[in-house]
Amino acid sequence: MVKERGHKVIAQNRRARHDWAVLDTYEAGIALTGTEVKSLRQGKAQLADGFATVDDGEVWLRNVHIPEYTEGTWTNHEPRRSRKLLLHKREILRLVGKLKESGLSLVPMSLYFKDGRAKVELALARGKKAYDKRQDLARRDAQREMQRAIGRARKGMRR
């Protein structure tokens, strides 16, 4: 049997970088049922409202939507159930220490297969204020305009 190789992205939380200031990222495995894996292999998942919590020394992924497997029977999974994340003990202890700081949260950034195993990229993040979001947009627009000006200068155009 040929083993799967590579990195296949299933879902990304595009809104997360807009709403959160990412301080650190972690890669964690996910404890899934069979129908959840089959549904993920079809490329279906939504991370939009998801978050992670640490309860009794275990990390749990909550409110991530993995739709029911279409070919599944009565053994199908619940779409928004809590799923256990697999991290090393020292990583969990480090997360517990950092989460005690005010305003920090664990946000899922992406869900993917790495060498055939389902993984989630978690970000330790701080929520952005409205003015932070506006500053980021202004900075991005200014950067884009500078790149356009450089491109026009290289082509010999002036504006």
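**A friendly note on this predicted model**

1. Ser-82 has a relative accessibility of 28%, so it counts as partly exposed. Please keep in mind that this is a predicted model. Ser-82 sits in the loop between S4 and S5. Leaving aside residues up to four places away in sequence, Ser-82 touches Trp-60, Leu-61 and Arg-62. With Arg-62 there is a polar contact between the side chains, at 2.7 Å. With Trp-60, 22 residues away along the chain, the C-alpha separation is 6.3 Å.

2. Is Arg-83 buried or exposed? Its relative accessibility is 1%, and because buried means under 20%, Arg-83 counts as buried. Its side chain makes a polar contact of 2.8 Å with the side chain of Glu-36. The side chain of Arg-83 also reaches a backbone oxygen, that of Pro-79, at 3.0 Å.

3. Now for the nonpolar interior. In soluble globular proteins, nonpolar side chains tend to be buried together. Here the largest nonpolar core has 25 residues, and those with the most contacts inside it are Leu-40, Val-59, Leu-85, Leu-111 and Leu-122. Two or more residues each come from strands S1 (7-12), S2 (20-30), S4 (58-62), S6 (104-114) and S7 (117-127), and from helix H3 (89-99). Another core, of five residues, lies apart from it, with Ala-16, Val-107, Ala-123 and Ala-125 among them.

4. Ile-92 is found in H3 and, with a relative accessible area of 6%, is buried. An α-helix has 3.6 residues a turn, so residues three or four places apart point the same way.

5. The C-alpha atoms of Ile-92 and Gly-103 are 11 residues apart along the chain and separated by 18 Å. For Lys-89 and Glu-58, 31 residues apart in sequence, the C-alpha to C-alpha distance is 8.9 Å.

6. Some backbone angles deserve a check by eye. Most residues other than glycine have a negative phi. Asn-63 is not a glycine, yet its phi is positive, at about 65 degrees. Asn-63 lies in the loop between S4 and S5 and is partly exposed, with a relative accessible area of 28%. Asp-115 also has a positive phi, near 55 degrees. Asp-115 is in the loop between S6 and S7, and at 39% relative accessibility Asp-115 counts as partly exposed.

7. On to helix H4 (residues 130-155). How many residues does H4 have? There are 26 residues in H4, and the helix reaches 38 Å from its first C-alpha to its last, close to the 38 Å expected at 1.5 Å a residue. Just after H4 comes Gly-156, with a positive phi of about 85 degrees.

8. Lastly, the domains. The protein is divided into domain 1 (7-128) and domain 2 (129-158), with 33 Å between their centres, taken over C-alpha atoms. Four residues of domain 1 are in contact with six residues of domain 2. Between them the two domains bury about 410 Å², with 53% of it on carbon and sulfur atoms. On the domain 1 side, His-18, Asp-19 and Lys-128 supply 96% of the area buried against domain 2, more than any other three residues.

Technical notes:
Residues are numbered from 1 along each chain as its sequence is written. This is a predicted model: local features need pLDDT of at least 70, side-chain atom pairs count only at pLDDT 80 or more; totals for chains, interfaces and linings use all residues. Side-chain values use heavy atoms; hydrogens and water are left out. Buried means under 20% relative accessible area, exposed over 50%, partly exposed in between (1.4 Å probe, protein chains only). A polar contact is a pair of N or O atoms within 3.5 Å; within protein, one must be able to donate a hydrogen and the other to accept it, and residues adjacent in sequence count only if both atoms are side-chain atoms. Helices (H or I, at least four residues) and strands (E, at least two) are DSSP runs, numbered from the N terminus. The expected span of a helix is 1.5 Å times one less than its number of residues. A nonpolar core is a set of buried Ala, Val, Leu, Ile, Met, Phe, Trp, Tyr and Cys residues joined through side-chain atoms within 4.5 Å. Domain bounds come from an automatic or database domain assignment. Contact means heavy atoms within 4.5 Å. Buried area is the accessible area (1.4 Å probe) that two parts lose on being put together, summed over both.
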